[in-house]
Amino acid sequence: MANTVLHAQPASSPAMPGHVSVPVLGATLAAFATISFLLCMLLGFISPEWGLHRPWLQFYLGLTGFDVRSLALGIVQSLIFGGYAGALIATIFNFISRRFG
């Protein structure tokens, strides 16, 4: 068994203001929105009578149903709006963190 040395930082260390990477959070939310859209489309395709997909899909512009055009349009919108939301949230967070953190 090897000897292991653990070094702990003191509990009284000053907190560093947080920083969020704008591109990383933008890409993360774009991927989340795209995956969620695809799962919603899949659910609507598998079980349209449940209607669980309708509340999600109402936020997308120009979708006509479960066709290739709507699928492509929804993916593009998910990437754009998710990326925009992530980039804006990260920018606002970084500004507030620097200003008040």
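Tutor: Contact here means heavy atoms within 4.5 Å. With that in hand, look at contacts in the protein between residues at least 6 apart in sequence: 61% of them join residues at least 24 apart. Keep in mind that this is a predicted model, where local features need pLDDT of at least 70, side-chain atom pairs count only at pLDDT 80 or more, and totals for chains, interfaces and linings use all residues. Residues are numbered from 1 along each chain as its sequence is written, and side-chain values use heavy atoms, with hydrogens and water left out.

The protein has three helices and zero strands (DSSP runs, numbered from the N terminus: H or I of at least four residues for helices, E of at least two for strands). Along the sequence that reads α-α-α. The pLDDT, the predictor's confidence in each residue from 0 to 100, averages 84, and 81% of the residues score at least 70. Confidence is highest in helix H3 (residues 68-100), with a mean of 95, and lowest in helix H2 (residues 54-57), with 72.

Let's zoom in on helix H1, which covers residues 22-46. Start at Thr34, which sits in H1. Thr34 counts as buried because its relative accessibility is 12% (buried is under 20% relative accessible area, exposed over 50%, partly exposed in between, with a 1.4 Å probe and protein chains only). Beyond its neighbours within four places in sequence, Thr34 touches Ile75, Ser78 and Leu79.

Move along H1 to Cys40. Cys40 is buried too, since its relative accessibility is 8%. Its C-alpha atom is 8.6 Å from that of Arg54, 14 residues away along the chain. Cys40 also belongs to the largest nonpolar core, together with Phe37, Met41, Leu57 and Tyr60 (a core is a set of buried Ala, Val, Leu, Ile, Met, Phe, Trp, Tyr and Cys residues joined through side-chain atoms within 4.5 Å). H1 gives this core its largest share, three residues.

Now for Leu42, also in H1. Leu42 is only partly exposed because its relative accessible area is 44%.
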